[in-house]
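Please keep the sequence and the model at hand while reading.

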Amino acid sequence: MVNFSKASYKNVFCFEPIYAYLCTMIKNLLFDLGGVIMDLDRNRCVRAFEALGMADAEDFLGLYGQKGAFLALEAGQIDADEFHKCVRQLISRPVTDEEIDKAFNEFLVGIPVERLRALRELRKRYPVYLLSNTNPIMMNSKIAEEFRKEGLEINDYFDGIVTSYEAKCCKPAKGIFDYAEEVCGIEPKETLFFDDSSSNVEAARRYGYQAVVVNPGDEFVDLLGRYKNSNG
C-alpha cells in the first residue's frame, strides 16, 4: 500500500515556482490509477479468490498485469458476463457473480481524500487525464465509489478518461497511448505521465512522453517538485 503525508499536498500547492516551471514545459498531466491514485493490495485479492476455491489465483493476478480471463476482461476482449463464466470454471464450488466481483474488488484498497483534493487543485492549472489498465467490474463499482468520497463523480476529477477495456489494448502497448492521444487530444511531448510500473514509464518515454515512476511511498504531488529539480 502507498503511504501518504498530508504535508506533501500542502507543500506542492504552496510553492508557485514548481507550477511556473511546469507551465513552461508541460501542458497536460496523465495519471495511471492503481499504485498512483488508488492504493492496491494484490495479496488481499489473491486470498479472496483462494477463499472462493480458486487454487491458482496467484498465477492469474499480477501487480502490473493479469492473465487468462482477467487479462481478457482488462483488454476488452470479453465482457463481465463472459468473465464470470470463465472464472467459475476455475473455482471448485458454485459461486455467484457478486461473490466473484467482491473478491476481485479486494485488489483495490482505496483513495485517500487528500489525493482527490490534489487532483482538483491540479485541474485548476492543467488538463488532467486518466490512463488505466482496468476493467468494467471495478470501474463501475469500487473505483466509482472511491471517487464519490467528496460527493463528486470520477468525471469531476479528469478532463478525459481512457481505460484499457475501452481502448481494447493494455499498457505498455503503443496502441493505448495512441488511443489516449486521439480521444484526449494530447501531444506526448507536452504531457507528463505518472505510472507505478517502470515498464509502462519506459514505454511512454519511447513514445515521446515525459514520464516518471511512482514508487511505493511516493506521492504524485511530491514528484512534481522532483521533476522540476531534475530537469531544471
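Helices here are DSSP runs of H or I with at least four residues, and they are numbered from the N terminus. The model is a predicted one.

- Residues under 20% relative accessible area count as buried. N105 is buried because its relative accessible area is 13%.
- Apart from neighbours within four places in sequence, N105 is in contact with R44, M138, S141 and K142.

**Helix α7 against helix α9**

- Helix α9 comprises residues 136-146, and its axis comes within 10 Å of the axis of α7, with a crossing angle of roughly 80 degrees.
- Angles of 65 to 115 degrees count as roughly perpendicular. The helices α7 and α9 are therefore roughly perpendicular to each other.
- On the α7 side the contact is made by D101, F104 and N105, and on the α9 side by I137, M138, S141 and K142.
- Sorted by class, the contact of α7 with α9 holds three nonpolar, two polar and two charged residues.

**Helix α7 against helix α6**

- The axis of helix α6 (residues 80-88) comes within 10 Å of the axis of α7, and the two cross at roughly 90 degrees.
- α6 and α7 are therefore roughly perpendicular to each other.
- From α6, the residues F83, H84, V87 and R88 meet D97, I100, D101 and F104 of α7.
- In the contact of α6 with α7, four residues are nonpolar, one is polar and three are charged.
- D101 and F104 take part in the contact of α7 with α9, and D101 and F104 also meet residues of α6.

**Strand β1 and the strands that pair with it**

- Strand β1 (residues 28-31) is covered on both faces: N28 and L30 are buried on one side, and L29 and F31 are buried on the other.
- β1 runs parallel to β6, and four bridges join the two strands.
- In this pairing, N28 stands opposite T191 of β6.
- β1 also pairs in the parallel sense with strand β4 (residues 128-132), over three bridges.
- Opposite F31 stands L130 of β4.

**Helix α12 and its surroundings**

- Helix α12 (residues 198-206) has N200, V201, A203 and A204 as its buried residues.
- Viewed down the axis of α12, these buried residues fall within an arc of 160 degrees, so they line one face of the helix.
- The cover over the buried residues of α12 includes α11, β6 (191-195) and β7 (210-213).
- Just after α12 comes G208, which has a positive phi of about 105 degrees.

**Residue C184 in helix α11**

- C184 lies in helix α11, which runs over residues 174-184.
- C184 counts as buried because its relative accessibility is 12%.
- Apart from neighbours within four places in sequence, C184 is in contact with Y129, G160 and V162.
- C184 and D159 are separated by 25 residues in sequence, and their C-alpha atoms are 7.9 Å apart in space.

Key
Residues are numbered from 1 along each chain as its sequence is written. This is a predicted model: local features need pLDDT of at least 70, side-chain atom pairs count only at pLDDT 80 or more; totals for chains, interfaces and linings use all residues. Side-chain values use heavy atoms; hydrogens and water are left out. Buried means under 20% relative accessible area, exposed over 50%, partly exposed in between (1.4 Å probe, protein chains only). Contact means heavy atoms within 4.5 Å. Axes are lines fitted to C-alpha atoms, for helices over the stretch in contact, and angles run from 0 to 180 degrees between N-to-C directions. Angles under 35 degrees count as roughly parallel, over 145 as roughly antiparallel, 65 to 115 as roughly perpendicular and the rest as oblique. Ala, Val, Leu, Ile, Met, Phe, Trp, Tyr, Cys and Pro count as nonpolar, Asp, Glu, Lys and Arg as charged, and the others, Gly among them, as polar. The arc is that of the directions from the helix axis to the C-beta atoms. Two strands pair if DSSP finds at least two bridges between them.
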